[in-house]
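The structure comes first, then the terms as they are needed.

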Amino acid sequence: MLRAIVFIGLILGLISVVVFSTGLLKTTDNAAPVRDQPVCDLLAGPCEWRTEAGLWKVGLQVMVGEGQGAQYQLTVHAPTVQERFLAVLRGESMYMGEYPVPLRQGQKGQYSAHFTAPLCTTGAEMVWRVDLQQGQNALSEAVPLKLVFQSGNH
């Protein structure tokens with residue numbers, strides 16, 4: 001009986017070595033591939049790009065307040081109708097989580113949202129990245145620019 005247990009353990013050990021060494025068990029990486037993208041500062045002016053569907057235009061305005069308590073209005077002109085359209089705020093200068101901002105449809109192809117950027121306790125100026133998503137699906141292929149803005153001195 002002891003020989004059978006040792007023999008089965010040895011066989012299982014050899015099988016696991018073969019499986020792990022050949023890479024048959026691969027882990028899935030859900031992270032988006034890192035691409036070098038040109039940076040577009042949304043507070044410097046609207047960011048525009050063209051896709052097969054047409055012209056995209058994203059703008060950001062400071063509405064009320066100063067510093068990191070400021071409210072912003074994000075406006076997106078999309079060439080096609082977007083369902084469950086979101087802008088997701090992510091810390092670019094420091095990771096602070098992800099903050100989804102639902103975009104509401106206005107006139108044809110225009111979407112907007114008001115939001116306040118989360119506070120950063122370690123510094124007065126924080127660079128945020130705005131990623132556009134349709135539900136859970138990132139529109140990274142449609143957006144060739146890294147859309148950023150700096151909360152702080154406006």
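Patches are built from residues with over 30% relative accessible area and no salt bridge, joining like charges within 9 Å and nonpolar side chains (Val, Leu, Ile, Met, Phe, Trp, Tyr) within 5 Å. A salt bridge puts a side-chain nitrogen of Lys or Arg within 4 Å of a carboxyl oxygen of Asp or Glu. Accessible areas follow the Shrake-Rupley method with a 1.4 Å probe, and for residues only the protein chains shown count as cover.

The model is predicted: local features need pLDDT of at least 70, side-chain atom pairs count only at pLDDT 80 or more, and totals for chains, interfaces and linings use all residues. Numbering starts from 1 along each chain as its sequence is written, and side-chain values use heavy atoms, without hydrogens and water.

Start at the surface. Phe7, Ile8, Ile11 and Ile15 make up a nonpolar patch there, with about 380 Å² of accessible area together. Ile8 lies in helix H1, residues 2-22. The protein's accessible surface is about 10200 Å², and carbon and sulfur atoms hold 57% of that.

Now the fold. The protein has one helix and 11 strands, taken as DSSP runs (H or I, at least four residues; E, at least two) numbered from the N terminus. The order is α-β-β-β-β-β-β-β-β-β-β-β from the N terminus on.

Strand S11 (residues 146-151) runs parallel to S1 (residues 39-41), joined by three bridges. Pairing requires at least two DSSP bridges. Val39 has Lys146 in S11 as its bridge partner. S11 also pairs with S9 (residues 126-134), antiparallel, over five bridges. There, Val130 is partnered with Leu147 of S11.
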